[in-house]
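Thanks, everyone; let me put the model on the screen, and then I will walk through a few parts of it.

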Amino acid sequence: MATVTLKVNGKELTVDCAPRTLLVEALREHLRLTGTHVGCDTSQCGACVVHVDGRSVKSCTMLAVEADGAALTTIEGMAQGGELHPMQAAFKEHHGLQCGFCTPGMIMSSTDLCARSATTPTEGEVRHWLEGNLCRCTGYHNIVKAVRAGADGMRGGK
Ligand code: FES
Ligand code: FES
């Protein structure tokens, strides 16, 4: 057994798990944070993206022990004080989801992209960045619109 200490959505948590436990399993099965989804388990779909120390990571490609000591944000930690994160609000407003299965990963990847750029990413930049996030409903057009609006929202509507 390994003991892994994580700061998840601002809370210090400890997980006792087998050393081979994937980060996504630790989140879903040990911490019951089931907003992070498993679509493929082979690093292709992006449904499992979370932020590890502020950077988007496919949590099915990382062992929980590798995240020991890290600060994590999952989709459950995005809304603050009952208010949706601007990227969540933009997905809602622009209908950036259909079944919603890919949405947590899309939102975590997109907020990382938009936090890195000083300006609103172009449609091409959004599409390129989200290459590792698959939407089985194929609603990409509205997702791109939502991400660009979310980028504006993250900078206070500019
Ligand atoms: S479940 Fe991690 S990339 Fe698909
Ligand atoms: S909205 Fe259904 S998988 Fe993307």
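Which residues of helix H1 (residues 23-30) are buried? Before I answer, please note that this is a predicted model, in which local features need pLDDT of at least 70 and side-chain atom pairs count only at pLDDT 80 or more, while totals for chains, interfaces and linings use all residues. Residues are numbered from 1 along each chain as its sequence is written, chains are lettered from A and ligands numbered from 1 in the order in which they are written, and side-chain values use heavy atoms, with hydrogens and water left out.

In H1, then, Leu-23, Val-24, Ala-26 and Leu-27 are buried, where buried means under 20% relative accessible area with a 1.4 Å probe, protein chains only, and helices are DSSP runs of H or I with at least four residues, strands runs of E with at least two, numbered from the N terminus. Because they cover an arc of only 165° around the axis, they sit on the same side of H1, the arc being that of the directions from the helix axis to the C-beta atoms. These buried residues pack against strands S1 (2-8), S2 (11-17), S3 (49-52) and S5 (71-73).

Finally, Asp-112 lies in helix H3 and is buried, with a relative accessible area of 2%.

Definitions and conventions. Buried < 20%, exposed > 50% of the residue type's maximum accessible area, 1.4 Å probe, protein only. Contact = heavy atoms within 4.5 Å.
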